[in-house]
Amino acid sequence: MKTGKITALALLAGCVFCWGAVSCVSMKTYRRTQTRALRAEQNTEALRAEVDQLREQRTSLEAQYNLLDSTRISAAELRTLLQERTKALAQVRALLDEMLQDFGSQGLTVSERGGMIYVSVDDKLLFELGKAEVSPEGERAVLKVAEVLARNPNIRIMVEGHTDNLPYRFNEGEQIIDNWDLSVHRATAVVRILLREKGIAPRRITAAGRSLYAPIATGNSEAARARNRRTEIILTPDMDRLMELLQQAY
């Protein structure tokens with residue numbers, strides 16, 4: 001009888017031991033699986049957020065591309081604008097050569113540099129030494145230029161006055177006190193003659209004085225100083241359309 005009881009107790013203890021072991025193994029597996037599932041869920045959320053961010057970036061880039069594509073200057077359009085500019089300059093140059101041929105021996109030249117036309121007039125044609133009043137012959141030359149410009153409304157006009165390197169002899173009571181003043185007054189005097197031509201809008205013109213700081217001849221000889229004493233009428237085609245397209249594209 002005692003032997004039967006011992007055997008039964010041993011079997012019962014063994015069952016309890018086995019159940020506890022199985023229970024322990026199941027909880028470890030459960031917790032490990034739960035941890036993995038939580039990490040996978042977190043990774044999934046992170047990936048979803050990254051995908052959403054990439055979609056937003058793609059939408060933004062597509063919008064920027066569409067904007068650039070709609071404002072991009074085509075090669076053909078740019079070529080057309082440049083051809084129009086070249087044609088406008090050639091027409092003005094031809095007209096000026098024709099209208100001003102009588103003044104070539106009096107110190108007036110027409111040239112093209114850097115995509116601009118320069119009408120350069122020596123002071124011996126326009127002004128007396130140290131004065132800012134235009135001579136009658138100089139006035140006639142400027143009016144010839146004005147006639148050409150009135151027929152070409154898309155040309156912008158810059159009038160620059162230049163002096164030599166000798167100090168201006170200032171007299172008490174005069175408005176002009178130095179070479180800066182003299183160059184500005186001379187440029188303005190030419191502008192006023194140009195504006196007698198009703199076909200020239202004032203907004204097309206800029207007057208500037210360069211004093212002695214933009215010489216075309218070096219040295220202190222009288223010949224060099226005479227070349228530097230000049231007034232230049234600088235002509236450029238109106239390129240507002242081209243600049244507008246470039247600003248839109250970039």
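Strand S5 (residues 230-237) is largely enclosed by the rest of the structure, because eight of its eight residues are buried (under 20% relative accessible area, with a 1.4 Å probe and protein chains only). This is a predicted model, in which local features need pLDDT of at least 70 and side-chain atom pairs count only at pLDDT 80 or more, while totals for chains, interfaces and linings use all residues. Residues are numbered from 1 along each chain as its sequence is written, and side-chain values use heavy atoms, leaving out hydrogens and water.

- S5 pairs antiparallel with strand S2 (residues 116-122) over six bridges (pairing takes at least two DSSP bridges), and Asp122 stands opposite Arg230.
- S3 and S5 also run antiparallel, joined by eight bridges, with Glu160 opposite Glu232.

**Asp164 in its loop**

- Asp164 sits in the loop between strand S3 (155-162) and helix H5 (179-194), and counts as buried at 8% relative accessibility.
- The side chain of Asp164 makes a polar contact with that of Arg229 at 2.7 Å (N or O atoms within 3.5 Å, one able to donate a hydrogen and the other to accept it).
- A polar atom of the Asp164 side chain also lies 3.0 Å from the backbone nitrogen of Leu166.

**Helix H4**

- The buried residues of H4 (residues 136-150) are Gly138, Ala141, Val142, Val145, Ala146, Val148 and Leu149.
- They lie on the same side of H4, because they cover an arc of only 160 degrees around the axis (taken from the directions from the axis to the C-beta atoms).

How values were computed: Helix = DSSP H or I, 4+ residues; strand = E, 2+ residues; numbered from the N terminus. Expected span 1.5 Å × (residues − 1). Buried < 20%, exposed > 50% of the residue type's maximum accessible area, 1.4 Å probe, protein only.
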